[in-house]
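Student: I have a model to read and some questions about it. Can we go through them one by one?

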Amino acid sequence: MEKTELEELKDKVPCAAVLERDGFALDVKESTAKALKYRREAAIIIVIHGGKCRLALNCRMRRYG
């Protein structure tokens with residue numbers, strides 16, 4: 001896949017789709033408008049950049065657990 005095609009795909013795919021496909025669920029109670037908290041078992045991922053995926057289709061995130 002060409003770099004421009006990859007960048008276009010990353011702009012179109014929301015992090016929620018990637019995380020939910022991988023078994024993460026949004027923690028609505030712990031999320032805010034600027035930071036969405038996703039959980040899968042003991043793993044927690046906080047999406048802090050408006051929901052756009054970056055870094056080779058991985059979300060730009062802070063990972064805990």
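Tutor: Start with a term: pLDDT is the predictor's confidence in each residue, from 0 to 100. This is a predicted model, where local features need pLDDT of at least 70, side-chain atom pairs count only at pLDDT 80 or more, and totals for chains, interfaces and linings use all residues. Residues are numbered from 1 along each chain as its sequence is written, and side-chain values use heavy atoms, leaving out hydrogens and water.

Student: What pLDDT does the protein chain average?

Tutor: Look at the residues that score at least 70: they make up 75%. The chain average is 76.

Student: Which element has the lowest mean pLDDT?

Tutor: Helices (H or I, at least four residues) and strands (E, at least two) are DSSP runs, numbered from the N terminus. Strand β1, residues 25–26, has the highest mean, 94. At the other end, with a mean of 50, is strand β4, residues 61–64.

Student: How many bridges join β2 to β3?

Tutor: Two strands pair if DSSP finds at least two bridges between them. Strands β2 (residues 36–40) and β3 (residues 43–47) run antiparallel. They form a hairpin with 2 residues between them. The number of bridges is 5.

Student: Is Asp22 buried, partly exposed or exposed?

Tutor: Asp22 sits in the loop between α2 (15–21) and β1. Buried means under 20% relative accessible area, exposed over 50%, partly exposed in between (1.4 Å probe, protein chains only). Asp22 has a relative accessible area of 45%, so Asp22 is partly exposed.
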